[in-house]
Amino acid sequence: MNKATSETPADTAADLLFKALADPGRRRLLDRLRIKGGLTLTQLCERMPMSRQAVKKHLTQLEDANLVVTRRVGRELEHYLNPVPIHAIAKRWIKPFEHVRLEALDHLKSELED
Amino acid sequence: MVTKTETQTYMYATYIRTTPEKLWEALTQGDWSVKYWMGFRVEFELKAGGRVRIVAPKGMEHLGNHDGKVLAWEPGRKLVYEFVTTDKDKPEVTAKRNGPSRVTYELTPMGSLVRFRLIHENLLPEDQEKDPNTFRGINNGWPAVISSLKSLLETGREIDFKSDCA
């Protein structure tokens, strides 16, 4: 049991995900990796207006949220965008919204047909 | 200047509340894959060097089957296979390919979870789907399939892409 809260493991994962996404610098790193996967820390530092140390810290946070996965190839550490957790979170809310939209369409349809 | 064909790699990871044995079964048996892989049925010859076919469901034959060879078969741990998509390629894309693409599944037990990593290598920039609002393309397809696999193993219910995310 978590102390003093009813946080589930899913909540913890969601917290990490939203915190990781709540920074423009980190979102920019994800954009870079979406365009081209497998970039190293040095490559990711290019065109980023921050220190290597800061980029490294952001990458660690993205990894903790499972938004970035890495693998070692020779001496290089390659970084990849992993959108799987975003899918999981989208699934949690898309369905309810979908129902609202479908209902709205249904109302429109019956009004037009009346 | 020598132009070298630039290949691309995709890598995905998820943590699933299951056992490596159960996950292996779901990954290698067609009766499981039809549920989480949008109707696609996997057919593995259960050994390295064996054949693998991934068969499109009825009504979606235009998406094509994937055929290839099993390159590594380590039950509960690691599976590597060729993922051939050439039947859908334009001729100029086929000419650029340096052999079939390769899919690796890695299963690592971590406490009550299994870390599942999927690495898809030797792809071309042409394999990337630029439009994110579709499940077409390697980059849009895998995350959806992996989420559905996780959902099926943890809740007994796969993601129904038609009604859940239409």
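User: How are residues and chains labelled, and which pLDDT do local features need?
Analyst: Residues are numbered from 1 along each chain as its sequence is written, while chains are lettered from A and ligands numbered from 1 in the order in which they are written. Because the model is predicted, side-chain atom pairs count only at pLDDT 80 or more and totals for chains, interfaces and linings use all residues, whereas local features need a pLDDT of at least 70.

User: Which element of chain B has the highest mean pLDDT?
Analyst: pLDDT is the predictor's confidence in each residue, from 0 to 100, and its mean over chain B is 86, with 87% of the residues reaching 70 or more. Helices (H or I, at least four residues) and strands (E, at least two) are DSSP runs, numbered from the N terminus. Among these elements of chain B, helix α5 (residues 161-164) has the lowest mean, 56, and the highest, 97, belongs to α1(B).

User: In what order do the seven strands of the open sheet in chain B lie?
Analyst: Two strands pair if DSSP finds at least two bridges between them, and the pairing in this sheet is antiparallel. Its edge strands, each pairing on one side only, are β1 (8-16) and β2 (41-44) of chain B. The order is β1-β7-β6-β5-β4-β3-β2.

User: How many bridges join β6 to β7 of chain B?
Analyst: Strand β6 (residues 101-110) and strand β7 (residues 113-123) of chain B run antiparallel, and B:Y105 stands opposite B:L118 in β7(B). The number of bridges that join β6(B) to β7(B) is nine.

User: What angle does the direction of α4(B) make with that of β1(B)?
Analyst: α4(B) packs on the sheet, touching β1 and β7 of chain B, where touching rests on contacts, that is, C-beta atoms, placed from the backbone, that lie within 7 Å. Axes are lines fitted to C-alpha atoms, for helices over the stretch in contact, and angles run from 0 to 180 degrees between N-to-C directions. The angle is about 15°.

User: How far apart are the end C-alpha atoms of helix α4 of chain B?
Analyst: The expected span of a helix is 1.5 Å times one less than its number of residues, so the 18 residues of α4(B) (residues 138-155) should span 26 Å. The model agrees with this, as the end C-alpha atoms are 25 Å apart.

User: Which residues have the most contacts inside the largest nonpolar core?
Analyst: A nonpolar core is a set of buried Ala, Val, Leu, Ile, Met, Phe, Trp, Tyr and Cys residues joined through C-beta atoms within 7 Å. The largest has 43 residues, and α4(B) gives the most to this core, with six residues. Those with the most contacts inside the core are A:V68, B:Y12 and B:L23.

User: Is A:N66, which has a positive phi, buried or exposed?
Analyst: Most residues other than glycine have a negative phi, yet A:N66 has a positive phi of about 65° although it is not a glycine. A:N66 lies in the loop between α4 and β1 (68-73) of chain A. A residue is buried if 20 or more other C-beta atoms, placed from the backbone, lie within 10 Å of its own, exposed if 12 or fewer, and partly exposed in between. Because A:N66 has 21 other C-beta atoms within 10 Å, A:N66 is buried.

Methods: Contact = placed C-beta atoms within 7 Å.
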